[in-house]
Amino acid sequence: MNLLGAAGGWLAHLLERYADHLRTASAKRRWLYAFGAGICGALAMAPVYALPLLVVAFTTLVLLIDGAKATQSPRRSAFITGWFFGFGYFLAGVYWMAFSFFVQADQFAWMAPFAVMGMPAFLGLFTGAATALYAAIRAGGWARIFLFATIWTLFEYARGHVLTGLPWNLAGQALAGNALTAQTAAWYGAYGLSLVTVFLAVSPAAIFAGSISARLSGVFVLLAGAALIVGAGAVRLAMPEPISDARVVLRIVQPNIPQKEKIDWSYWQRNFERQLDLSRGAIPPDARLFVLWPENGAPLLEESQQALEILDSDLPSDAVLLAGAVRRERDSGGVERYYNSIAVVEDSGNGRIVTGHYDKHHLVPYGEYLPFYDLMQKLGLAQLTPYGDAGFTPGSGPRTLTAGGQSFAPMVCYEAIFPGESYPSDARPDWLAMVTNDAWFGDTSGPRQHLDMARLRAIEAGLPLARSANTGISALFDGKGRLLARVPLYKAGKIEAPLPPPLTKTLYDRNGDWVFLLMIITCTLFGFYLRNE
């Protein structure tokens, strides 16, 4: 016992010295530490999942802001400190976007350094603004824990909506590496999961302020909160659920086509045949087959009668094909417009035809369309986007389609990162169908982080999600986000499995982000109540 007491005292002394060092650090050291803490936070995301580093990152940031508050310009100092944290966090978290510029290296490789540095620099404005506002409130003790978590998550919400939004690597996504720790997203969505995650991650900051009881409470809250998340997840996963309808079979295709060959029209026929080879095969009697091809798996499919005839002869009878496709049409003014789509191909009784389509409505800025197109054209950057100088035209919004006796909500790639936008609120489908092409980003953390966000969409909706990716990771999740099958990154293959059943509506599916906003209000009231104590 004496040895344990001595060890505890030594550890407490070491932590106090660490906290004092952070609080009294010079401005440049503070920025450097914040940058390093941001990198630590990013390592809590896929594929590392070093969750303790998220605690280290956010607790360090709060202590650094404590030091910034003592300067002559506390808000300015806090903003810069928060910006450096965000710069490190996003530099380590979204570095993979640079790989897309090397697919056509002769044209775009020169832009990679600007993108790799520019995106984290821009996203750091949100983290800097959050820490500046937090510093302006000047709360201490537990009040600062509540208020920091509230402010930080509100700015994550803003990041997910401002300028079309980029809710990539929200803090709560660190818990999406497995179904167990992500289950509570069914109650309050990804933003609510972030609020809980940030609150627990900064609660150890209470160790460094107040009485002995206050210090112990910080450790207790962290451990108890983590236990509650795991316990709630275990209970929800153990709850009974509907029986699977084995009459509906999914065949999810991953052709593993290199990106340079995917965008080269001379490979179109070979790519088509590669996907078709993986789509063949018998199915159980009386089963309805849905085949899923990845994003842009069959460009301009509805214009190719030959391709439709081949599909008719090679696919099992009555099979429904959901193929990522590009389609084009002329508007009323005669302008040719291109859409990043999913084509629904069915047997009409007189051959295969495209019976419906979904057009991607949430396009990637600068990747699929050009904001401020006239200015970009003057700067000579109009060729950044495919299919016409202005890029793709957005669709009308989320849709629920019906084919083969099943209703499904299609999503194309980037759309799966947005909570609450998978389908119309008044048209809940039986399942979610996602097509993507992460080949642009190589064997990096990007495709793995993208997969975690797909898991969250399944949990939030309580619906199974089938994901077909060109080079991976293709996967099938059930309505609780359990990974039922997958094809690894950069492997050709297919998933063949019965469609899991949809669950009853989740709390998040019924109420959207209103539960999260109620949590924000409650957390804010607690923070100001404790601040005034």
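Visitor: Phenylalanine 90: buried or exposed?

Guide: Buried means under 20% relative accessible area, exposed over 50% and partly exposed in between, using a 1.4 Å probe and protein chains only. Phenylalanine 90 comes out at 2%, so it is buried. Tyrosine 89 is buried as well, at 6%. Bear in mind that this is a predicted model, where local features need pLDDT of at least 70 and side-chain atom pairs count only at pLDDT 80 or more, while totals for chains, interfaces and linings use all residues. Residues are numbered from 1 along each chain as its sequence is written, and side-chain values use heavy atoms, leaving out hydrogens and water.

Visitor: How many aromatic pairs are there?

Guide: Rings of Phe, Tyr and Trp (its six-membered ring) pair if their centres lie within 6.5 Å; planes under 30 degrees apart are stacked, over 60 edge-to-face, the rest tilted. Here you get 29 aromatic pairs. Take phenylalanine 85 with tryptophan 152: centres 5.6 Å apart, planes at 85 degrees, hence edge-to-face.

Visitor: Which helices hold phenylalanine 85 and tryptophan 152?

Guide: Helices (H or I, at least four residues) and strands (E, at least two) are DSSP runs numbered from the N terminus. Phenylalanine 85 belongs to helix α4 (residues 74-93) and tryptophan 152 to helix α7 (residues 141-159), so the pair ties together parts 67 residues apart in sequence. Both phenylalanine 85 and tryptophan 152 are buried. Tyrosine 89 and phenylalanine 90 pair up too, edge-to-face because their ring centres are 5.0 Å apart and their planes at 85 degrees.

Visitor: What about salt bridges: how many does the structure hold?

Guide: You need a side-chain nitrogen of Lys or Arg within 4 Å of a carboxyl oxygen of Asp or Glu. The structure has 22 of them. In one, arginine 352 meets aspartate 312, with the closest N and O atoms 3.7 Å apart. Arginine 352 is in strand β5 (residues 352-359) and aspartate 312 in helix α13 (residues 305-314), 40 residues away. Arginine 352 is buried at 3%, whereas aspartate 312 is partly exposed at 33%.

Visitor: Which parts does the aspartate 509 and arginine 428 pair tie together?

Guide: Their closest N and O atoms are 2.8 Å apart, in a salt bridge. Aspartate 509 lies in helix α16 (residues 507-511) and arginine 428 in the loop between β7 (406-412) and β8 (431-436), so parts 81 residues apart in sequence are tied together. Elsewhere, salt bridges with shared partners join Asp20, Arg23, Asp66 and Arg144 into one network.
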